[in-house]
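Work through these exercises with the coordinates open. Try each task before reading its solution.

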Amino acid sequence: MSLALDLFSIAAISAGVFFFLAGTVGLLRFPDALSRLHALTKADNLGLGLIVLGLLPRAESLLAALMLVAIWALVQLAGATAAQLIGRAVRRKGPAI
Amino acid sequence: MTEGASAFAATAGGSLLALPILVPAAGVLLSFLLGGRQAERIALALMPVQFGFAVAIASLIWRSGQPLVYVLGGYAPPLGIALRADGFSAVMLVTTSLIMPAAGLYARTNFATPNDGTERRAPLVFWTLLQAIQAALSLIFLGGDLFNLYVALELLTFAAAPLVCLDGRPETLAAALRYLMFALFGALFYLLGVALLYGAYGTLDIVLLSRQIRAEPAVWLAAGLMTAGLLAKTALFPLHLWLPPAHANAPAAASAVLSGLVVKGSFFLIVRLWFNVLPALPNAVPGAILAALGSAAILAGSALALRQERLKLLIAYSTVAQIGYLFLMFPLASGPWSAEAFSGGVMQALSHAFAKAAMFLSAGLIAESLGHDRIAGLGGAGRAMPVTFLALGLGGLSLMGLPPSGGFAAKWLLMKASIEAGQWVWAVVMLAGGLLAGGYLYRVLAPALSGNRPRLKSPPRRSRENVALALALAAVLLAFAPPTFFAFLQIGRPAAGAALR
Amino acid sequence: MSVLQALDVGLAFLVFAVAAWTVFAPGPFAATVGYVVYGLLLSLVWIRLFAVDVALTEAAIGSGVTGVLLIGAAARLRGAETTPAEEALTGLTRLFAAGLCLLVAAALAAVVLLLPDQGPTLAPQSMERLPETGLGNPVTAVLIAFRSFDTMLEKVVLVLGVVGVWSLAADRYWGGAPGEARAERPEPTLAFFAQVLAPIGILVGVHVFWVGADEPGGAFQGGAILAAMWMIVMMARLTEAPQASAFWLRLALIAGPAVFLAAGVAGAVVAGGFFAYPPGLAKPLILFIETFMTFTIAVTLPMLVAGPPRREPRR
Amino acid sequence: MSALAAAAQEFGPGLLVAALAAPLVVLAVVLSPKLRFAALAMSPLAPLPALAAAILAIGGAPFEGELPGLRMSFRLDLPGAILLAAAALVWIAASVFARADWTGRPNAERFAVSWLLTMAGSLGVFVAADLLTFYLVYALVSVPAYYLIADDEDAGSSRAGGVYLAFTLIGEAVLLIAFVMLAAGEPGGSLDIRAVVDALPASPWRDAALALLILGFGMKIALAPLNGWMPLAYAAAPIPAAAVLSGAAVKAGVIGLIRFLPLGAALPGWGEALAWAGFVSAFYGVAIGLTQRDPKTILAYSSISQMGVIAAVLGLGLAGADQNAASDAAFYAANHVLVKAALFLSVGVAAALTGRGRSPALIVAAALALSLGGLPLTGGALAKLAVKGTLGDGVAGAVAAASAAATTALMLHFFIRLARSDNDGKAASPQRILSWLALAFASMLVPWLMFPAVGGDLADALATATLWDAIWPMLIGAALAAGLWALGEPLPRIPAGDIVVAQEAAFRASAPPLGAAFERLDWRLRQWPAAGLSLLTIALALAAAGFASR
Amino acid sequence: MSSATLAGLVGAALVGLGLYGVIADPQPLRKILAFNLIGSGVFLVFGIVARKGAAAGLSADPVPQAMVITGIVVAFAASALAVALTLRLFEETGRATLRPDAGTKPPDDGADAE
């Protein structure tokens, strides 16, 4: 049982790290602001989500697990808002960021 | 902690030490809360109270012949914070509590709240920050913990910097920004030194540190950093970049406080550091470096004062020079002449405080009455406003070091110590400084008492002239300080270079 | 080298690299963004130093609120970015400056390395006297009891900071509100974000303050989180910055230090000394003081970020 | 005599304080606009306590006084009393003479304040007993006199005032460090002048202190080449101011040398150096004076010369451990106080008189002028007699005789220039003429009264040999003057102040570039990067210095 | 090398970097940034001191930690004041600079009657 959970954790966290890595590469390599934003939000949403998922079985208590989920939710909220604002700014002032 | 216990046995009346800090701090909060005319009322009402505290502390020290100690909250150092007052603290407190009301009375005209009671920016800020300066200075003079003193330094900077640009002119804004930035620079150096000292000894209490201090790299780096940081706040040449524009452009009452008192705050801490924290260490070479910088300050500051076109800038550069004298006491800190050197340095701090405050207030009156403060346009002004120029001249007497004046007494003591120590060069520098001071005062006073009276925009109010004159007379009266006064200054001064206990 | 050590070294290099970016970045805006990242990384360093209280403070104030302040300033300073030629340093001066800075850093590093591994400490004494305060978090005990004088004065510094910032207002704006006038229509995305986040944030802030007595957290950290919430709400234009002349605002700004100071003076009457707490009543009294401090920090930080009044006062 | 001695002990101390206080009290009253006029009328009375104290001390015995609250102490001994008496008389006469200057002029108020301050200092230097009191009154007699010199506010007096002030302040600075050395050399920590001078010969700072003392006081008495300020100042000052400055105020330097040179200890090197400097000055003053046209300037050069003689006497006294040199030099100087002041007043009176009144005035002036050369039966002859013992019969005596001849020539030159000088158009008030006559009379009489006090024998003064000794140098001098006159004044015209012109030029050439260099340095250092680098450097230097001094 | 020592070295390096920025960068805002770098370097030195003082069951000495917290707040207030001054100066003059000539011009007649 614990082995399965460990394997699950490792898989999920590794996947999360992969998305973060991919997002970072995208942030650095993509040509314009909107596509960079696209890369970044993927890293945030998927990467963090997978890591949180991987960590959930290791949480010491239900409260801790809830906090992990809350963190993910808050980052979702912040990321979405920031992406919105940046996207709007890009549209208004042109993509020269 | 038997050692700690003996050092922090509460002295009778020690609780008095907290009041000169807490009362003006409370004044700051109340003034800001109530606003409007209340700020001025609170500030002025608390000044006599503050004087009472200062005198009471001085008399307690005088009667017991011992420094006064108070442990805050019952948590003795090293865990907690102690306040401590020695002879030097007491005279600085009294000096502050005399100059503050003078500046306050003078400033009432400039920073009055309109009759309808509408709150105005400049008055509220001025009266609030004036009290903050008082609280910060009290803390600097009484603080016994190096980190607590860091907070005091920042308090002082925060209180002083906005006063510089109270009138909002661009050049004053630039001056205030330079002042603030360089002061922050200095504060960081000080704080870094504090971190190193804590890392080495686990305490920041001055007395406890002085008992454990050893000549080791951490201590020397800390001493270098802290001293340099404090020098930046004291504007010792060549770190004076902020002082002339800041002091010359601030409102006169603020200039008087900034030049007379605020720079003395960081100087006081340098004295604390070298005389109270590090007295057991060999300090001849660092002392000589400080005095060499002081000498450069005296010569360059005076020479530059000679070349200014505006009276307030001239006075500000003269502050640069006069600060230099303060540092001539450091290479003389050990040896049989150390008491003389210490007294001379303190005397210089006191007499410059009074004299410079008097001169800035006079210069303010001159600028207001004439509508400018160009030296070339001062011809005959002394005839139109004789009392103002008398105050300016008497202050100048002290700067030149002519008798009878506190400046003369200071020079005498410092020169005697430097001759006895065989360090001639400081005496020669002091002489040159006095001559140059004579030169720049001549530039102001000679034309002012000659030629036709200029037309005044408005004659200065007699009461304000008297304030300036009273300060100048105080600088003169210091010349007659009795020997007991110098004995009082020595209370609580550890002998420099003394062997480790 | 263990994994943790490897991570430490990596973190160290990352912190250093981002710091170097903030110094050498081409534009002030980029540098400022670098600084915010740097602050977050620094919080991790603090966690690795087992100083969670500091990490929270650094993240909230050192990186967060300071970041907002600096980014706002960088945005408004566009146009002042070019350096006049006469202010540019010559290569030789730069080299000299770099050499001196290196020397200072080297001296500092040497001294730090020379410090004994088991250094002098006040931890035992703190623990010894911790029970008197009724608190569980020794850092909070130092801040509110052992060195309460520092903390009270530092609150006064914050008040002076507000006075100083406000003193930069033009005379006609005195008593008015800082910042631009409120837009007719709030930015919808931001408004939504603020509406969702603010309640959660306030909860978290109060929580951080409350647990500060016994666990990492306290008035500074909680207050900073609350402050951030208010700033977000103001940024979303859901509410306007208050007028500088408002009595309630002034009261809020001084409440922390004033209550602290009053309690300190009261100590002289009832507990035998300034800033002493009466035995047994220490914890409630401390929480009482901290409540006001938290509130004052929550109000002060946004006012410091908002800058001087820039609108004519409404009478 | 014993009655006077008793009175001296009884009233002396109080009178000493009063001597210093009286001018200051009058000054305080002058500052009140309502009482100003009355106070000014009283100013000639201000030196009276000083005069009374001097009489008590000369006739009775020396005495001391103090003001413990102000940490001031006073002492009046014989040399001081002789000079004090003469100075007080001059201040009384000149105050009466100057009363016309008190009112109705644009600078009257300023003049009055400077006058009274200078008076207080001038009387005070003769009674100050400790270093600090002496330094205070010395500053008082020196600094406020600036406004007596620069009174006219034209270019010439501004220049004279500036030069005077520069010399004064440098002199003060030099003396300050000398005094500090004196104080440091006294192991007991006493500041009493006698104590510190007694300790001087054994002090580690003996030579430096002596050099600085001679330099400092030498500037005050205008020893060549530090003489440049004197002709400018006396020519620029109004007549009564020139009288008190040349008569009374300059003697602050003389009393300084008398008080501070350890005359009891034989220091041949220093003594002879001072003596030669004095003699050089004595002839230098005459030589340049002969080239001058303005009577006031000529009198100033005569002062330079006479002060040189006094310096020489004191130098020889120091070389030979001659204790009497103090009172002898004081007597010589006292005569100069009275005569020189009276001569300056003569210039004013002569300028105001026309026609029949002028000739008698010129005769009095001639008598005064020749007194300086040592004309028999005048105070000048007594003065020469008094210092004869110290000068001796050797080289110094011969040089002194030659200096008497030179002085005679210079004074004849002065007389001719005075006789030819123009009328300034101002009417001579009776007040002025009377005060001048009174002072002239006093300058003839008072030396006779004081001569016995310095151990002189009046009969000796009237002996034929003495008379002849006095006359032959004068004849030589007269011949010299006549020769020059006959040749139509062939000497080159040297600007008044001679060497000071070069000193001023050197100052003008060096000061502004130096100041500009400081400004450039300041500008560089006040750049932010420079200040930041300074801060780092200082921090590192302090740390390294501490580290290295382990 | 312990993490505390490493942090101390990072602190020293940050101080050096910040110093260079404060000295060499002419723009006030960049200087404020650099000040904050120095500040955090100094705080890290406090941090290592605290960590080396771990004792009595605590993993770090609480006293330096408390000082750092106080220091961070003070540093923030200082930044806020400096930023406000810089912005105001920029509004008034169109440039933000620390050049020394900004303050030494003689004021016009009457403009300096406070």
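## Exercise 1: a helix pair

The model is predicted. In it, helix 14 (residues 338-370) of chain B packs against helix 19 (residues 462-477) of chain B at an angle of about 155 degrees, and their axes are 8 Å apart.

Task: Classify the relative direction of helix 14 and helix 19 of chain B. Then find which residues make the contact and how they divide by class.

Solution.
1. Start with the angle, about 155 degrees. Angles over 145 degrees count as roughly antiparallel.
2. Therefore helix 14 of chain B is roughly antiparallel to helix 19 of chain B.
3. Next, the handedness: the crossing of helix 14 and helix 19 of chain B is left-handed.
4. Now list the contact. Helix 14 of chain B contributes Ser351(B), Phe354(B), Ala355(B), Ala357(B), Ala358(B), Leu361(B), Ser362(B) and Leu365(B). Helix 19 of chain B contributes Arg464(B), Glu465(B), Val467(B), Ala468(B), Leu471(B), Ala472(B), Ala474(B) and Ala475(B).
5. Sort by class: 12 residues of this contact are nonpolar, 2 are polar and 2 are charged.

## Exercise 2: the fold of chain B

Task: Count the helices and strands of chain B, then test its radius of gyration against the globule rule.

Solution.
1. Chain B has 20 helices and 2 strands.
2. The globule rule gives 23 Å for 501 residues, and the radius of gyration of chain B is 22 Å.
3. The values are close, so chain B is as compact as a globular protein of that length.
4. Along the principal axes, the C-alpha atoms of chain B fill a box of roughly 70 × 55 × 40 Å.

## Exercise 3: two interfaces

Task: Which helix of chain B gives the most to the side that touches chain D? Which helix of chain C gives the most to the side that touches chain E?

Solution.
1. Take chains B and D. The contact uses 46 residues from chain B and 43 residues from chain D.
2. On chain B, at least two residues each come from helix 7 (170-201), helix 9 (217-234), helix 12 (284-306), helix 17 (406-420) and helix 18 (424-448).
3. Helix 9 of chain B gives the most, with 10 residues.
4. This side of chain B has 37 nonpolar, 6 polar and 3 charged residues.
5. Take chains C and E. Here 79 residues of chain C contact 72 residues of chain E.
6. Elements of chain C that give two or more residues include helix 1 (3-24), helix 3 (52-76) and helix 11 (282-306).
7. Helix 3 of chain C gives the most, with 13 residues.
8. By class, this side of chain C has 54 nonpolar, 14 polar and 11 charged residues.

How values were computed
Residues numbered from 1 in each chain as written. Chains lettered and ligands numbered in written order. Predicted model: local features only at pLDDT ≥ 70, side-chain atom pairs only at ≥ 80, totals over all residues. Axes fitted to C-alpha atoms, helices over the stretch in contact; angles between N-to-C directions. Helix = DSSP H or I, 4+ residues; strand = E, 2+ residues; numbered from the N terminus. Parallel < 35°, antiparallel > 145°, perpendicular 65-115°, else oblique. Left-handed = near helix turned anticlockwise from the far one by under 90°. Contact = placed C-beta atoms within 7 Å. Nonpolar A, V, L, I, M, F, W, Y, C, P; charged D, E, K, R; others polar. Rg over C-alpha atoms; globule rule 2.2 N^0.38 Å.
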